[in-house]
Amino acid sequence: MDTINPLKDQPHSIPLRKLLLSALYALLPIITFYHLIAFPFPHSLSQSKQSLVITTSSSTPSKEIGNASVEISCDYSNGNWIQDKLGPLYTKCNTIKEGQNCITHGRLDNDYLYWRWKPNNCQLPRFDPKKFLQLFKNKNLAFVGDSLARNQLESLLCMLSTFSPHDLVFSHGEENKFRKWHFPSHNVNISIYWSPFLVKGVEKSDKTYYNTLYLDSVDEKWAKDLGQMDLVVFSIGHWYLHSAVYFYGDKVLGCHSCPGLNYTEVGFYDVYGKAFETTFKTILDRRGDGKDKLDVIVTTFSPAHFEGEWDKYGACSKTKPYDAKEKEKLEWMDAEMRETSIKQVNLLKKEVHEKNVRFEVVDVTKLAYLRPDGHPGPYMHPFPFANGIQERVQNDCVHWCLPGPIDTWNEILMQVMIKKMDMIV
């Protein structure tokens, strides 16, 4: 499978770089004197992860140098976790799913709460709930996907509730898989749609050990409401690792991990990409030529951190992040899942210049990979060691404690909306 690096900016011509450098060096003492430098300059303008961009757009955050507006392009996906004395924005919240409420479930170590993501060549501002609500005033936001989509949604609700209360206005389905909250202060609606494949699918059950996916049809449980959405955040992936049979129309394409079935074994990476392709095509067909804009965000794959058996003590017992130098490369599967979704988004971005739909990525795979300490582990259940350490103990090393590292996903989401989608706060 071809891999691409969609985060690289196009390099500028050499003459422009030299001219710009000369101007910057001439003005640097004056700028420093008046404390106008709010971000670090890159060591080299040839670094693709961060470049100086000349822009005349007043809607894009920038700094004025002479008659030009100079903006730093930030790659939020590469960096390191640094200690942070401030800690989380919240510690209690009534929308935390029981299994992710690590503090109230008796997790004694709290060091995992005092780390902050620092991108390599820029700053990631702390989440501002007031500005977020102003950004989406009178709008409808939707999170669509699996339980990690719900995890990210509940993180957002908790952070927003530190500024403004919200009301649960709709709840439906087993385990409240379809819900909507309303923030009356800004008339903002935020919804969650359970759709672990995005496309039409039948989930495995006690009678059937495999999922069934129809890759040519979108899941209408969320797609029927596309006309009401202003922002949709997709987050899927882990359900694609399970056994499944894949249909396209009436034809069986094959299956993944399906012993006993007389189907061709196929890899799930291409299937995962095909699901995004079908989803994006449906969005463009239904919203591409409309009057109202729709912003589409894909949150990339979030790695799990199981060490050994999932129901053994210590399955994910780390108490601090990895340093980026310890884990320079993603595990192969995590990298493939990340690259597949990013590739699909970038293919669409080349085709939708004149459409009213904008596509972007919140790339969290690398920063999530460095946080083995942020999962509930045994604290998916209250006080799991009240009677001592048992031979078997269930562990959740997939989802994230709330508060916890996943709050950073929404900090990045806000910055992507402001800087890459030109939304004005």
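Tyr246 stands opposite Gly254 in S14. This is a predicted model, where local features need pLDDT of at least 70, side-chain atom pairs count only at pLDDT 80 or more, and totals for chains, interfaces and linings use all residues. Residues are numbered from 1 along each chain as its sequence is written, and side-chain values use heavy atoms, with hydrogens and water left out.

**The sheet**

Strand S13 (residues 244-248) and S14 run antiparallel, joined by five bridges. Strands here are DSSP runs of E with at least two residues, helices are runs of H or I with at least four, and both are numbered from the N terminus. Two strands count as paired if DSSP finds at least two bridges between them.

S13 and S14 belong to an open sheet of four strands, ordered S10-S11-S13-S14, with mixed pairing. Strand S10 (199-202) and strand S14 (251-256) form the edges, each pairing on one side only. On average, neighbouring strands of this sheet are turned by 25 degrees against each other, direction ignored. Axes are lines fitted to C-alpha atoms, for helices over the stretch in contact; angles run from 0 to 180 degrees between N-to-C directions.

H5 lies across S10, strand S11 (211-218), S13 and S14. The helix runs at about 35 degrees to S11. Contact means heavy atoms within 4.5 Å.

**Salt bridges**

The whole structure holds 17 salt bridges. The criterion is a side-chain nitrogen of Lys or Arg within 4 Å of a carboxyl oxygen of Asp or Glu.

| Pair | N to O distance |
|---|---|
| Lys274 and Glu277 | 3.0 Å |
| Asp295 and Arg358 | 2.7 Å |
| Lys318 and Glu307 | 2.7 Å |

Lys274 and Glu277 sit three residues apart in helix H5 (residues 268-287), so about one helical turn separates them. Lys274 is partly exposed at 23% relative accessible area. Glu277 is partly exposed too, at 39%. Buried means under 20% relative accessible area, exposed over 50%, and partly exposed in between (1.4 Å probe, protein chains only).

Asp295 and Arg358 form a salt bridge that links distant parts of the chain, 63 residues apart. Asp295 is in strand S15 (residues 294-299) and Arg358 in strand S16 (residues 357-362). Asp295 is buried, at 5%. Arg358 is partly exposed, at 26%.

Lys318 and Glu307 also form a salt bridge. Both lie in the loop between S15 and helix H6 (332-349), so the pair ties together parts that are eleven residues apart in sequence. Lys318 is partly exposed at 30%, and Glu307 is partly exposed at 36%.

Glu309, Asp311 and Arg392 are joined in a network of salt bridges.
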